[in-house]
Amino acid sequence: MTTTQSTSGAYQGIDDLIVELSDGVLAVTLNRPDSLNSLTAPMLHTIGDVLDRAAGDPAVRVVRLGGAGRGFSSGAGIGAEDHAPGASGTPADVLAAANRAVRAIVDLPKPVVSVVRGPAAGVGVSLAIAADVVLASEEAYFLLAFTKIGLMPDGGASALVAAAVGRTRAMRMALLAERLPAGEALAAGLISAVYPAADLEAGVDAVLATLTSGPAVALRKTKQAINAATLTELTGALDRETEGQLALLDADDFREGTTAFRERRAATFTDH
C-alpha cells in the first residue's frame, strides 16, 4: 500500500495500484506487471476515488497514468486467476468500474497524461486515450481485442477512438481486432507523441514540467472546451456499450471465446 501527503491529507493506493504525489504530479500506476496490468474492479474504482479527490486538491497540478513493467494494460482480466473464487469482481463489475474510471479521467478539471510502453489492449486502450496527452514508446501498440472473445469495445472506446481517428479507422480497429503500432497510432491521431524506449521518461518529464508550471485555470478551461466539442457522444457510448456488453457477457460466444483464449486455440463462434 502506498500513501503520500498532500495539502489535504494522504492519498492511498492499493497493492495493485500505486499512488504517489510529488511536486504537483499525482502518479497513478497500474501494478499487476505479471498479467500486463490486467484490470480489476478495485483498481478501477480506486482510480475513480483518487481522481475525484484530486479534482479539488490544489496540490495536484497534473495526473500521470502509467503501468508497471513492460506494458500499460492488457485490459480486463480474463485469466483463470480473475475468475477463481474470491476474484475481484465479475465482468459486469469491472465494466461498471471501468466506465467510472474513464469518466473520472475525462471530467477531471486538470490535465491527465498517460504513459504507454508495450501493449494497451481492451479497456486499457480506453483508459490510455481518455487522457488529455498520450505519450508512448516506440514499442507500444494499441489493440481493441474484444471481438476475439465475442465482446464489443467498452469503457467509452466507441466514442474515444472514433473521436480521435475517425469512423473508418475505428471500425477497422474494433471489428478486425488488429494491433495499431505506436507510430501508426501517432499518424492516425490516436496518441500525442512517440519516443524511443530509452527516451520515453525524459519526454514524459518534459511534458509534465510544462503542465505543472502552466496556467491551471486556462488548462482547465481548454480541456473542458475541447472535450465538450469532441466527446459529445461519450455518455451515450457508455450507455450503449454497457447495454450491449452485458448481453454479450451472457452469450455463448463469450463463453466460447474465453475458453478458447485459455486453451490457446481458435474460437468457434455460433451466436447469430
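How many helices and strands does the protein chain have? The protein chain has 11 helices and 11 strands, where helices (H or I, at least four residues) and strands (E, at least two) are DSSP runs numbered from the N terminus.

Please keep in mind that this is a predicted model, in which local features need pLDDT of at least 70 and side-chain atom pairs count only at pLDDT 80 or more, while totals for chains, interfaces and linings use all residues. Residues are numbered from 1 along each chain as its sequence is written, and side-chain values use heavy atoms, with hydrogens and water left out.

Let me turn to overall shape. A compact globule of 272 residues would have a radius of gyration near 19 Å, and the protein chain, at 18 Å, agrees with that; the radius is taken over C-alpha atoms, and the globule rule is 2.2 Å times the number of residues to the power 0.38. Along its principal axes, the C-alpha trace spans about 55 × 40 × 35 Å.

Now to the interior. Of the 272 residues, 50% count as buried, meaning under 20% relative accessible area with a 1.4 Å probe, protein chains only. The largest nonpolar core has 65 residues, and Leu-26, Phe-142, Val-161 and Leu-190 are those with the most contacts inside it; such a core is a set of buried Ala, Val, Leu, Ile, Met, Phe, Trp, Tyr and Cys residues joined through side-chain atoms within 4.5 Å. Helix 3 (residues 91–107) gives this core its largest share, 8 residues. Apart from this core lies another, of 12 residues, among them Val-25 and Tyr-195.
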